[in-house]
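User: I would like to go through the terms used for this model and see, case by case, what each of them rests on. Could you set each value against its definition?

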There are 2 protein chains.
Amino acid sequence: MEKIRVIKIGGNVIDNPEVLDRFLADFARIEGKKILVHGGGKLATRLTKELGYEVQMIEGRRVTDRQTLDVVTMVYAGLCNKQIVAKLQALGCNAIGLSGADGNIVRAHRRPAKPIDYGFVGDIDSVDSPLLGHLLEVGLTPVFCAIMHDGESSLLNCNADSVTQAIALGAAALAPTDLIFCFEKRGVLRDAEDESSVIERITPTSYQGLKAEGIVSGGMIPKIENALQAIAAGVSSVCIKHADDLLTEGGTTIQND
Amino acid sequence: MEKIRVIKIGGNVIDNPEVLDRFLADFARIEGKKILVHGGGKLATRLTKELGYEVQMIEGRRVTDRQTLDVVTMVYAGLCNKQIVAKLQALGCNAIGLSGADGNIVRAHRRPAKPIDYGFVGDIDSVDSPLLGHLLEVGLTPVFCAIMHDGESSLLNCNADSVTQAIALGAAALAPTDLIFCFEKRGVLRDAEDESSVIERITPTSYQGLKAEGIVSGGMIPKIENALQAIAAGVSSVCIKHADDLLTEGGTTIQND
């Protein structure tokens with residue numbers, strides 16, 4: 001099969017209608033096989049509060065109790081997913097919205113309640129590559145939210161970056177796969193204050209130096225280490241870039257030496 | 001292709017978890033190709049009120065303004081649809097949840113604003129039979145909510161009975177198709193007070209008599225006339241029965257003379 005692109009957008013894109021529309025217009029323009037994974041955005045938190053449910057946090061992370069699960073299922077799998085699909089359809093992109101439960105395409109398990117019980121939060125077990133390939137072969141563009149299931153009737157709220165990574169690995173079993181994370185910066189920056197200081201290329205070897213020098217730090221460390229894992233596991237390249245730069249060369253590409 | 005069954009459940013099933021679970025267990029047990037269409041239930045109205053939005057009615061029918069559209073998209077395409085899909089998956093039925101926008105599988109248009117503007121309410125134009133056939137051929141069981149789209153990025157709230165009828169006609173283009181409407185009665189009754197007075201079979205000819213005698217009246221008239229239209233257009237039979245009777249012989253079957 002020809003190359004597959006797996007592209008992730010986060011809440012910062014979802015929350016800004018103009019940025020989202022611009023991104024979707026660019027996404028629709030990409031030729032060939034592609035998959036979109038979207039995160040959540042602020043609407044779920046706002047809706048939780050408006051409904052008078054308590055937003056529970058443990059160590060800065062949200063607990064997905066039964067009511068929160070219902071809200072994120074409504075917002076991510078319902079409103080966000082179908083609005084994106086309808087917009088892509090209007091742009092001529094034959095999108096199909098999916099949760100992990102649909103076609104059992106992504107299977108997850110509930111995270112153990114110890115040491116911390118985050119509720120209905122899941123970690124990914126497997127992706128059905130043949131089904132993914134099948135949808136792509138008939139010209140569909142899968143659009144995933146991060147709501148997965150455990151195969152025992154429970155829906156699970158998953159981390160959208162982890163879902164993206166798992167789907168990229170599922171795609172890599174079918175064809176060479178490029179993974180693109182769109183976020184709010186131009187890429188991995190040498191200087192966090194300077195958007196023009198994008199590091200164009202990171203390899204497993206160069207990463208060790210960047211980390212040792214402290215150039216890569218904080219929230220970028222897990223992002224890059226996940227990317228390195230993805231390329232070690234068979235993804236051709238991982239690019240981290242701004243949502244506005246989807247069709248341009250910009251961003252940081254992480255690939256093998 | 002082998003026979004296809006298209007089955008519709010309404011709010012009365014969705015709103016009662018025990019009835020729903022029993023129905024889904026029966027549905028999962030049906031062998032062969034099948035499609036589920038589900039209506040809404042009371043959650044959308046409850047959520048609309050909890051969020052402080054006004055529920056607008058004109059001549060007894062709800063107006064779908066922008067906020068209502070968001071709520072029904074969240075509830076029908078999100079929560080209801082994904083919960084049903086996850087439950088069917090746990091029962092060994094390879095369900096895939098769909099709105100009309102997904103794969104552009106059902107195309108609708110917004111109902112004209114005159115004489116009455118019901119807002120984002122749609123009527124069905126077409127069903128993509130080849131795509132429907134494709135999903136069925138790979139062993140998937142489509143589960144439709146009644147949220148459709150206009151191909152110009154607007155989602156539309158549609159009547160679930162009309163969606164079901166359109167999908168049954170789309171299926172009938174592929175293979176002999178039986179359409180089953182599950183509702184809260186045992187079938188079309190000779191005596192509305194007597195659940196044992198089910199009329200087993202109605203044909204275009206016998207319907208004229210039943211209508212003239214006043215045995216069929218009120219809300220049953222459009223149901224039966226739609227069913228007669230469906231069989232005239234190529235659906236093999238239409239059965240109206242109780243959700244608990246899915247696997248049994250009961251109900252009223254509407255078919256050609």
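User: Which residues touch the most other members of the largest nonpolar core?

Analyst: This is a predicted model, in which local features need pLDDT of at least 70 and side-chain atom pairs count only at pLDDT 80 or more, while totals for chains, interfaces and linings use all residues. Residues are numbered from 1 along each chain as its sequence is written, chains are lettered from A and ligands numbered from 1 in the order in which they are written, and side-chain values use heavy atoms, with hydrogens and water left out. Among the 176 residues of the largest nonpolar core, A:Phe23 and B:Phe23 touch the most other members. A nonpolar core is a set of buried Ala, Val, Leu, Ile, Met, Phe, Trp, Tyr and Cys residues joined through side-chain atoms within 4.5 Å. Beyond four places in sequence, A:Phe23 is in contact (heavy atoms within 4.5 Å) with A:Ile7, A:Ile9, A:Val13, A:Leu36, A:Cys182, A:Ala243 and A:Leu246.

User: Why is B:Leu156 called buried?

Analyst: The relative accessibility of B:Leu156 is 0%, and therefore B:Leu156 counts as buried, the term for values under 20%, with exposed meaning over 50% and partly exposed in between (1.4 Å probe, protein chains only). B:Leu156 lies in strand E10 (residues 155–158) of chain B, where strands (E) are DSSP runs of at least two residues and helices (H or I) of at least four, numbered from the N terminus. Its C-alpha atom is separated by 7.6 Å from that of B:Ala108, 48 residues away along the chain.

User: What makes A:Ile221 partly exposed, and where is A:Ile221 placed?

Analyst: A:Ile221 has 22% relative accessibility, so A:Ile221 counts as partly exposed. The residue belongs to helix H8 (residues 220–232) of chain A, and its contacts beyond four places in sequence are A:Tyr207, A:Lys211 and A:Val216.

User: Why are H7(A) and H8(A) described as roughly antiparallel?

Analyst: Helix H7 (residues 204–212) of chain A packs with H8(A) at an angle of about 165°, their axes being 11 Å apart; axes are lines fitted to C-alpha atoms, for helices over the stretch in contact, and angles run from 0 to 180 degrees between N-to-C directions. That angle makes H7(A) roughly antiparallel to H8(A), because angles over 145 degrees take this name, those under 35 being roughly parallel, 65 to 115 roughly perpendicular and the rest oblique. A:Pro204, A:Tyr207 and A:Lys211 in H7(A) meet A:Ile221, A:Ile224, A:Glu225, A:Leu228 and A:Ile231 in H8(A). By class, this contact has six nonpolar, no polar and two charged residues, where Ala, Val, Leu, Ile, Met, Phe, Trp, Tyr, Cys and Pro count as nonpolar, Asp, Glu, Lys and Arg as charged, and the others, Gly among them, as polar.

User: Why does B:Asn81 count as buried?

Analyst: B:Asn81 has a relative accessible area of 1%, and so B:Asn81 is buried. B:Asn81 is found in helix H4 (residues 66–90) of chain B, and its contacts beyond four places in sequence include B:His38, B:Phe144 and B:Cys145.
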